[in-house]
Amino acid sequence: MIRAAALLLSGMTAAPGWSAGMLQCVPYARIVSGVDIHGDALNWWDQADGRFQRGHKPKKGAVLAFRAFGPMALGHVAVVSRVLDDRRILIRHANWSAPGAIEEDVLAIDVSALGDWSQVRVWHSPTAQMGARTNPTFGFIYPAKARLHDFTPDPALGASIRFARVDAGRWEEEKATPDRRMSVRIAQAVAEPKPARRGRTPHLRTDPAILTFADNAPAERSLSAIIADVKRETMLN
């Protein structure tokens with residue numbers, strides 16, 4: 001139980017760690033991006049060589065390929081839905097924060113020292129904050145035509161839920177301070193009460209909140225510190 005709580009609160013869950021009966025990140029990213037690559041996410045970068053352009057600059061419709069790291073034994077892939085600036089993008093991906101969960105237009109931040117998107121942090125919907133883990137990536141795979149395709153849930157691909165969809169217009173950046181710590185106004189996913197329906201998940205609305213983080217020196221945080229932050233956010237909201 002303690003380990004499960006740690007994984008949930010720290011944002012350490014990732015696509016390959018869940019049951020094969022759940023929607024995986026690979027088929028979701030393939031459909032949404034149109035990048036026709038199969039196999040484990042950790043192999044997408046090499047498979048794209050000679051077939052698709054690759055690089056380290058985010059573009060709408062591009063696939064961000066994650067390296068195998070920690071619980072991401074098979075890597076991860078996510079699709080860029082919007083570029084906010086050179087350090088912030090919105091992504092759409094599946095099976096990251098919860099089994100089979102589809103998260104749309106959630107924040108990913110470049111925390112690499114060189115600004116090349118080789119290290120990122122990703123929004124964690126269950127705790128409504130950025131994940132504590134820094135995730136290594138290969139870079140971006142660019143489709144021939146940059147467009148986002150609709151995803152229709154298909155039982156053949158595994159069970160899925162639309163866990164969070166955040167209004168892209170609610171992500172607003174504040175000016176960076178001299179010590180290179182950046183205050184980012186983020187849209188916080190909050191469960192909105194609705195009449196109970198069997199088989200339905202809570203509808204999510206957005207509520208702005210402030211998150212401050214060090215973009216050039218990410219630090220590991222203890223579980224107790226994360227839990228304290230979550231409790232503090234709950235009291236404030």
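A contact, for what follows, means heavy atoms within 4.5 Å. With that in hand, this is a predicted model, and in its chain 60% of the contacts with a separation of 6 or more are between residues 24 or more positions apart.

The overall picture, briefly. The chain has 237 residues, and 46% of them count as buried. Its secondary structure comes to 4 helices and 12 strands.

You will find Gly 21 in the loop that runs between helix H1, residues 2–10, and helix H2, residues 25–33. Its relative accessibility is 44%, so Gly 21 counts as partly exposed. What does Gly 21 touch, leaving aside its neighbours within four places in sequence? The answer is Gly 158 and Ala 159. Take Gly 158: in sequence, Gly 21 and Gly 158 are 137 residues apart, but C-alpha to C-alpha they are 5.0 Å apart in space.

The second residue is Glu 103, which sits in strand S5, residues 101–110. Glu 103 is buried, yet no salt bridge is found for it. What the side chain of Glu 103 does make is a polar contact with the side chain of Ser 97, at 3.1 Å.

That is what I have on these two positions.

Key
Residues are numbered from 1 along each chain as its sequence is written. This is a predicted model: local features need pLDDT of at least 70, side-chain atom pairs count only at pLDDT 80 or more; totals for chains, interfaces and linings use all residues. Side-chain values use heavy atoms; hydrogens and water are left out. Helices (H or I, at least four residues) and strands (E, at least two) are DSSP runs, numbered from the N terminus. Buried means under 20% relative accessible area, exposed over 50%, partly exposed in between (1.4 Å probe, protein chains only). Lys and Arg count as positive and Asp and Glu as negative; His and the chain ends are not counted. A salt bridge is a side-chain nitrogen of Lys or Arg within 4 Å of a carboxyl oxygen of Asp or Glu. A polar contact is a pair of N or O atoms within 3.5 Å; within protein, one must be able to donate a hydrogen and the other to accept it, and residues adjacent in sequence count only if both atoms are side-chain atoms.
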